[in-house]
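The following exercises are to be worked through with the sequence and the model in view. Each task is followed by a solution in steps.

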Amino acid sequence: MKKTSSYVAALAAVVVIILGIWQGSIYLEGKKPVVTVPDNITHVGPETIFSVRFSDEGRGLRQVLAFVDQGGKRQPLGGMDFSVPGEMKKTMRLTLDQAGLDLSEGPATLILTAVDHSLRKNSSTVTIPVTIDRTPPRISTMTSAHYINPGGSCLVVYRLSEPAEKTGVLVNTTFFPGYPFDSEESRPRFAVLFAIPVDARDDNMKIGITACDRAGNESFATFSHHVRKAAFRDRTLPLSDRFLEATMPEFQTVIPALRDVSPLEAFIYVNEELRRENTRQIEAICSRSEPRKLWDGRFLRMSNAATMAGFGDRRTYTYEGSQVTGSLHDGVDLASTVNAVIEASNRGIVAYAEYLGIYGNTVIIDHGLGLFSFYAHLSSVDTEKGALVEKGEPLGRSGMTGLAGGDHLHFGIFLGKQFVNPVEWWDPGWIRDNILGKADLP
Ligand SMILES: [Zn+2]
């Protein structure tokens with residue numbers, strides 16, 4: 001009997017010890033919590049939001065704390081206590097935009113600490129050196145006499161008091177990026193080629209320079225400018241059955257949905273839907289540009305060619321006397337002989353050399369700083385994407401592919417996110433007064 005009871009007692013003691021070790025291993029676990037800051041933070045402004053992730057793989061988080069230290073003075077940014085174990089991860093979003101914080105511009109340290117629920121109170125601390133910056137960049141415009149034609153181009157050059165994360169010109173809501181030059185200086189210079197819409201007037205345009213620094217401080221500055229007056233032509237173009245029957249089969253081959261509709265319905269679809277889709281494609285093709293000027297001097301106009309239609313023409317198409325659709329002509333139509341050699345208007349890199357819907361076989365050349373030239377309706381293309389072409393180098397031959405009634409070159413200049421008037425870029429006087437005479441472009 002006695003032997004049995006002592007045996008049970010011993011067994012119970014072993015169980016208690018095993019349970020104790022097991023429990024103790026939980027309560028005394030030695031895994032440290034982890035602190036991670038997902039963003040690479042170097043500069044902090046009043047509105048900078050940074051996320052800190054705290055996690056623990058053992059008993060969970062007991063406490064998380066965030067401080068900012070400047071010159072030995074430590075001020076709390078945020079913190080949380082978790083009285084019950086089991087909080088395995090927590091993300092805190094922190095800003096310096098808090099009442100009562102006493103911070104000055106300059107170096108500081110973010111201190112982020114997590115403590116776990118182990119009896120050992122394992123803790124981890126991460127320190128991040130940052131610069132506190134509450135001053136938006138100062139913008140100094142270095143060019144003057146910004147006279148801009150509706151549908152035309154303009155150059156502005158400016159200096160910022162500090163490096164910028166994002167800077168450029170805003171024309172209402174359209175952003176044109178700034179390209180830096182001599183950026184090794186502490187106060188970098190930027191050049192922006194920008195454009196205004198064909199319906200621009202002085203009273204419907206808000207034009208200015210925007211700059212956002214590494215800490216998120218933003219500034220906007222207008223600069224002296226004047227929008228000139230311009231009138232564009234209204235043209236009524238009657239659609240003949242002959243024209244529709246000659247041009248629509250090309251699109252009915254490419255777009256199956258157009259096979260069962262009348263040539264007129266196909267034309268309306270092509271002029272509206274396909275045109276919109278092609279515009280989006282062009283914007284995508286021209287969204288990346290070389291950060292330096294590849295071109296020099298005036299742009300070449302197709303030699304010995306007559307102008308058949310101008311930039312900015314508002315076209316109304318009629319059929320049997322009624323209006324059916326309309327468009328805005330975004331280039332200049334030039335015609336000489338059938339299958340004439342088409343030359344690069346200036347030096348650049350071929351960004352596109354393929355079929356492009358209403359524009360037919362098309363070549364687009366990137367001239368750098370957001371400026372592109374555009375050659376449409378070609379019968380043949382003799383260049384390829386990525387090729388560096390010199391001014392005057394043959395690109396292909398004129399034709400009537402796409403939406404074209406006869407053999408001609410549709411020539412365009414695209415800047416930023418829109419087509420602009422090519423006439424300016426053909427004019428050496430305009431280029432001297434408005435672009436090259438104003439600054440040494442990067
Ligand atoms: Zn055209």
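Two strands pair if DSSP finds at least two bridges between them; strands themselves are DSSP runs (E, at least two residues) numbered from the N terminus. The model is predicted, so local features need pLDDT of at least 70 and side-chain atom pairs pLDDT 80 or more, while totals for chains, interfaces and linings use all residues. Residues are numbered from 1 along each chain as its sequence is written, and side-chain values use heavy atoms, without hydrogens and water.

**Exercise 1.** Determine in which sense β2 and β8 pair.

Solution. Step one: locate β2 in the open sheet of five strands, whose order is β2-β8-β7-β4-β5, with mixed pairing. Step two: note that β2 (43–44) and β5 (73–81) are the edge strands, each pairing on one side only. Step three: β2 and β8 (residues 123–132) pair in the parallel sense over two bridges, and Val44 stands opposite Ile132 in β8.

**Exercise 2.** Examine the salt bridge between Asp313 and Arg233.

Solution. Step one: apply the criterion, a side-chain nitrogen of Lys or Arg within 4 Å of a carboxyl oxygen of Asp or Glu. The N to O distance here is 3.3 Å. Step two: compare positions; the two residues lie in separate loops, 80 residues apart. Step three: classify by relative accessible area (buried under 20%, exposed over 50%, partly exposed in between; 1.4 Å probe, protein chains only). Asp313 is buried because its value is 2%, whereas Arg233, at 46%, is partly exposed. Step four: Arg235 joins Arg233 and Asp313 in a network of salt bridges.

Key
Helix = DSSP H or I, 4+ residues; strand = E, 2+ residues; numbered from the N terminus.
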